[in-house]
Amino acid sequence: MSGALAADLLAWFAQTGRDLPWRRSGRPRDPYPAWVAEAMLQQTRVETVLPYYARWLRAFPDAGTLAAAPLDAVLAQWQGLGYYRRARNLHAGAQAVAAAGWPHTLAGWRALPGVGPYMAAALASLCDGLDAAAVDGNALRVLARLSGEEGAIDLPAVRVRLTGLANALLPPGRAGEWNEAVMDLGAAVCLPRRPRCGDCPVRRHCAAAASGRAADLPARRPRRPQPVEDVAMAVALAPDGRICLQRRPDDALLGGLWVFPDPARLGLPPAAGWPLLAFTHVFTHRRWRIDGRLHRMDGPLPEAGDLRWLHPGAVDALALAAPTRRLLDAAQRTLQIG
Ligand code: ADE
Ligand code: SF4
């Protein structure tokens with residue numbers, strides 16, 4: 001019976017699988033585009049990734065070019081995608097590949113920075129033809145419905161069970177196709193809120209559809225609230241119109257990106273300044289409640305290695321963190337500076 005499910009899914013995939021740029025190399029897939037795509041797709045939607053992916057491959061057409069590029073150029077290409085750790089990992093990974101060649105085992109893929117179990121299985125199946133099921137959140141949803149799993153998919157035991165199921169279902173020798181087919185099913189048919197069971201190629205194998213529970217699965221667990229931190233940011237305006245940006249330390253949150261500094265860093269009193277924009281920036285595991293204020297500087301401008309005073313038109317050369325961009329837009333609207 002499991003063979004029939006795989007056959008139905010792969011037949012559907014052969015007809016309707018998405019034509020995506022990183023899928024154009026034939027099988028096995030070329031590792032470099034596949035790896036770049038997986039890194040971008042880790043936390044970002046396909047439609048958003050497409051233009052970034054195209055530009056990235058033009059800027060860094062292969063692992064050697066990427067390995068030799070300066071980190072700041074790599075981060076600048078990533079600008080707008082968020083979660084910059086992924087760009088650093090690609091850069092470091094390219095250097096490992098330039099030195100030692102591409103991996104050909106699950107463990108080899110796992111050894112590249114930023115490659116977890118999902119990405120290792122995806123890349124080993126796509127690029128090396130290994131029989132490994134790539135199970136991310138979308139696959140977990142599809143598998144939970146197919147098997148009628150009642151447990152919440154953020155529970156480790158449930159993930160282990162569904163990963164085992166996926167590895168049992170995948171047709172040996174065709175894991176790359178299977179993994180892409182599951183991705184496409186989750187993206188186009190087995191949707192999170194409104195699964196389109198009427199159009200589904202594996203409906204006759206699906207426990208959730210049989211019991212009318214498709215939209216109720218997977219079960220959810222209430223999430224803990226994320227910690228909130230108050231962060232003050234100063235848009236400090238020099239008499240000559242320049243503003244001050246600060247480069248975050250490499251190992252910090254938003255490492256290597258440019259932000260508006262804390263007022264204290266510029267010797268400004270905490271509650272001073274003119275309120276510009278208060279907003280929340282959401283990270284994976286915490287939130288910043290940002291209070292952005294405008295300060296007009298008089299007297300000598302503080303200088304330091306991590307600070308830079310520049311005209312607003314010149315900041316686009318730097319890799320800006322998302323909250324920086326937002327505050328900068330607010331300042332430009334307010335001040336009509338540019
Ligand atoms: N093709 C290969 N990997 C993919 C992914 N993670 N998302 C969408 N399409 C893909
Ligand atoms: Fe998902 Fe419905 Fe297809 Fe089952 S039948 S896999 S719930 S779309």
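By class, the shell around ligand 2 holds eight nonpolar, no polar and two charged residues, where Ala, Val, Leu, Ile, Met, Phe, Trp, Tyr, Cys and Pro count as nonpolar, Asp, Glu, Lys and Arg as charged, and the others, Gly among them, as polar. This is a predicted model, in which local features need pLDDT of at least 70 and side-chain atom pairs count only at pLDDT 80 or more, while totals for chains, interfaces and linings use all residues. Residues are numbered from 1 along each chain as its sequence is written, chains are lettered from A and ligands numbered from 1 in the order in which they are written, and side-chain values use heavy atoms, with hydrogens and water left out.

To display that shell, select Arg145, Leu146, Val189, Cys190, Cys197, Cys200, Arg203, Cys206, Ala209 and Ala214, which surround ligand 2; a residue is near a molecule if one of its heavy atoms lies within 4 Å of it.

Go next to leucine 217 and proline 218, which are joined by a cis peptide bond with omega about -5°. Proline 218 belongs to the loop between helix H12 (207–210) and strand S1 (228–237); helices (H or I, at least four residues) and strands (E, at least two) are DSSP runs, numbered from the N terminus.

Leaving aside residues up to four places away in sequence, glycine 17 touches Trp12, Arg23 and Asp184, contact meaning heavy atoms within 4.5 Å.

Now select strand S2 (residues 243–247), in which four of the five residues are buried, that is, under 20% relative accessible area, with exposed meaning over 50% and partly exposed in between (1.4 Å probe, protein chains only). S2 pairs with strand S6 (residues 307–310) in the antiparallel sense over four bridges, two strands being paired if DSSP finds at least two bridges between them. Isoleucine 243 has leucine 310 as its bridge partner in S6. Two bridges also join S2 to strand S3 (residues 258–259), again antiparallel, and there glutamine 246 is partnered by valine 259.

Finish at leucine 254, in the loop between S2 and S3, where phi is positive at about 60° although the residue is not a glycine. Is leucine 254 buried or exposed? Leucine 254 counts as buried because its relative accessible area is 16%.
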